[in-house]
Amino acid sequence: MLKRVLSCHNSPHVFAGLSDISISQDIPVEGEITIPVRSRVREFDSSTLNESVQNTIMRDLKAVGKKFMHVLYPRKSNTLLRDWDLWGPLILCVTLALMLQRGSVDSEKDGGPQFAEVFVIVWFGAVTITLNSKLLGGNISFFQSLCVLGYCILPLTMAMLVCRLVLLAEPGPVNFMVRLFVVIIMFAWSIVASTAFLADSQPPNRKALAVYPVFLFYFVISWMILTFTPQ
């Protein structure tokens, strides 16, 4: 077998016809290997590596502000799901925890929630609801659910701010009724806003099971706001 291969290799008739083959110089080479100028300019403009820190911060703040507006005017939209972030939920959680802090240095005397307690309740509740949504077959990612639940705390944060202002007046039945009214309205607002974004992500026959934990989550936060009293 080896002798046969060597004999074919040494045969001059095997490659005799190759000398007559020539590549014509008139055949044009089609196509480009260079990047168009417009594509390079567009890629340079969309890149955030060359922008200043101030521009980056302003761009993120504008994105957070737009998401706040979507929560204040809830409607079926995928903005919070498509462009999710956790900056807004973090800002709202820290703001709410700070406003729920009491003036006493010794927190064990007044029984007020600690900053860490509020922080853990908010984030642990959001994670639990997200896991429940995934177990029910929801087609939403983990961080998308956290983003929606966190941003929808905005009405309750506004309720906490109003309650702090109302508590500056004399305590009494009227004071409590005003705070109760504000908390109920903002509680319903949070429920409507969150379900508007999360309703389509759940199977039709399991939407009630997905909404019930959301109701409990915002109810606990609302109860913390309503029962808050300054020192």
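Let's start with α3 and α9. How do these two helices sit relative to each other? They are roughly perpendicular. The packing angle is about 85 degrees, and that falls in the 65 to 115 range that counts as roughly perpendicular. The two axes are 9 Å apart. Keep in mind that this is a predicted model.

For orientation, α3 covers residues 53–72, and α9 covers residues 154–166. Which residues make the contact? From α3, we have Phe 68, Val 71 and Leu 72. From α9, they meet Leu 154, Pro 155 and Met 158.

Now, which residues of α3 are buried? Val 64, Lys 67, Phe 68, His 70 and Val 71. They cover an arc of only 160 degrees around the axis, so they lie on the same side of α3.

Let's step back to the whole chain. How many helices and strands does it have? Eleven helices and zero strands. Reading along the sequence, then, you get α-α-α-α-α-α-α-α-α-α-α. The chain has 231 residues, and 33% of them count as buried. Next, the contacts. Take those between residues at least 6 apart in sequence. Of these, 74% join residues at least 24 apart.

Next is α11, residues 207–226. This helix also has a length check. It has 20 residues and reaches 28 Å from its first C-alpha to its last. That is close to the 28 Å expected.

What is buried in α11? Here is the list: Ala 210, Pro 213, Val 214, Phe 217, Tyr 218, Ile 221, Ser 222, Met 224, Ile 225 and Leu 226. And what covers them? The cover includes α5, α7, α8, α9 and α10. So that you can find them, α5 is 87–99, α7 is 115–135, α8 is 142–151 and α10 is 173–198.

What does Ser 222 touch, beyond residues up to four places away in sequence? Leu 156, Val 183 and Phe 187.

The other one is Ala 210, also found in α11. At 10% relative accessibility, Ala 210 counts as buried, because the cut-off is under 20%. Leaving out residues up to four places away in sequence, Ala 210 touches Asn 132, Leu 136 and Gln 202. Ala 210 and Ile 129 are 81 residues apart in sequence. In space, C-alpha to C-alpha, they are 7.8 Å apart.

Last stop, α10. Met 186 is found in this helix. Is Met 186 buried or exposed? With a relative accessible area of 12%, Met 186 is buried. Which residues is it in contact with, leaving aside neighbours within four places in sequence? Pro 155, Leu 156, Met 158 and Ala 159.

One more distance for Met 186. Thr 157 is 29 residues away along the chain. The C-alpha atoms of the pair are separated by 8.8 Å.

Notes
Residues numbered from 1 in each chain as written. Predicted model: local features only at pLDDT ≥ 70, side-chain atom pairs only at ≥ 80, totals over all residues. Heavy atoms only, no water. Axes fitted to C-alpha atoms, helices over the stretch in contact; angles between N-to-C directions. Helix = DSSP H or I, 4+ residues; strand = E, 2+ residues; numbered from the N terminus. Parallel < 35°, antiparallel > 145°, perpendicular 65-115°, else oblique. Contact = heavy atoms within 4.5 Å. Buried < 20%, exposed > 50% of the residue type's maximum accessible area, 1.4 Å probe, protein only. Arc of directions from axis to C-beta. Expected span 1.5 Å × (residues − 1).
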